[in-house]
Amino acid sequence: MNYLPNAFDPPVWYLVMPVCGAGEEVFTRKRYADIVAAKLNNDQHHALVKVEDYMFLPSSIHIIIREGALTLDLWWQPFMDAVMEEIRLQAPDEKLSWCNNTCERIADADAFEHRAYEMLFLPVWKGLATDPEGYAYNSVNNRAKIDLQ
C-alpha cells in the first residue's frame with residue numbers, strides 16, 4: 001500500500017481488549033457485538049476516533065483506531081467503561097472485567113500492514129475459521145456493522 005506523507009498523524013493505535021471471567025463467547029454473540037459496534041459508531045459519528053480495522057474474538061476486541069477529537073488516553077478508558085457498563089446492564093449475572101489490555105502505536109505503513117494481516121488471520125490461527133474471509137466478526141465481513149468509511 002502507498003501512504004501519503006503524515007498518514008499516521010493523527011496517531012494510529014492497535015488496541016487489544018480481552019475480558020476475564022467469560023465462561024462462554026462474549027464479543028462474537030450478537031448482543032455484545034452490537035454494544036461494541038454502537039459505541040464505536042457513536043464515537044466515530046462524533047469524530048472522537050476513527051476505526052480503521054477491527055476483529056472480535058470470542059473473548060477479546062482487536063481494533064486499529066485513529067485518534068480524532070480525543071487522544072487515546074482520553075478516549076480508551078471511558079470507551080471500555082461504557083461498553084462494560086452496558087454489558088453488565090444486559091447480563092448482570094456475568095462477572096466480566098477487562099484484563100491485560102494492550103496498545104501499540106502504529107507509526108508507519110509496515111506496522112499497519114503487519115497488524116492488519118495479523119488481525120485478518122488470527123481467527124484462522126486460533127481455529128475459529130478455515131478462511132480469514134469467512135470469519136464474520138472482522139472488517140472483511142463486518143457482521144458487527146461498524147462504520148469503516
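**Legends to close-up views of a predicted protein model**

**View 1. Overall fold of the protein chain.** Along the sequence, the protein chain runs in the order β-α-β-β-α-β-β-α. It contains three helices and five strands, where helices (H or I, at least four residues) and strands (E, at least two) are DSSP runs numbered from the N terminus. This is a predicted model, in which local features need pLDDT of at least 70, side-chain atom pairs count only at pLDDT 80 or more, and totals for chains, interfaces and linings use all residues. Residues are numbered from 1 along each chain as its sequence is written, and side-chain values use heavy atoms, with hydrogens and water left out. The C-alpha trace spans about 50 × 35 × 25 Å along its principal axes.

**View 2. Packing and surface of the protein chain.** Of the 149 residues, 46% are buried; buried denotes under 20% relative accessible area, exposed over 50%, and partly exposed in between (1.4 Å probe, protein chains only). Among contacts with a separation of 6 or more, 71% join residues 24 or more positions apart, a contact being heavy atoms within 4.5 Å.

**View 3. The disulfide between Cys20 and Cys99.** A search of the whole structure finds one disulfide, defined as a pair of cysteine sulfur atoms within 2.5 Å. The sulfur atoms of Cys20 and Cys99 are 1.9 Å apart. Because the torsion about their S-S bond is about 95°, the disulfide is right-handed. Cys20 belongs to strand β1 (residues 12-20) and Cys99 to the loop between β4 and β5, so the pair ties together parts that are 79 residues apart in sequence. Cys20 is partly exposed, at 31% relative accessible area, whereas Cys99 is buried, at 13%.

**View 4. Cys103, a cysteine in no disulfide.** Cys103 takes part in no disulfide, and the nearest cysteine sulfur, that of Cys99, lies 15 Å away. With a relative accessibility of 41%, Cys103 is partly exposed.

**View 5. Ala47, a loop residue with positive phi.** Ala47 is situated in the loop between α1 (30-45) and β2 (49-57). Its phi is near 60°, a positive value in a residue other than glycine. The relative accessible area of Ala47 is 44%, which means that this residue is partly exposed.

**View 6. Asn100, a loop residue with positive phi.** The loop between β4 (97-98) and β5 (102-106) holds Asn100. Phi of Asn100 is near 55°, again positive in a residue other than glycine. Asn100 counts as exposed, with 64% relative accessibility.
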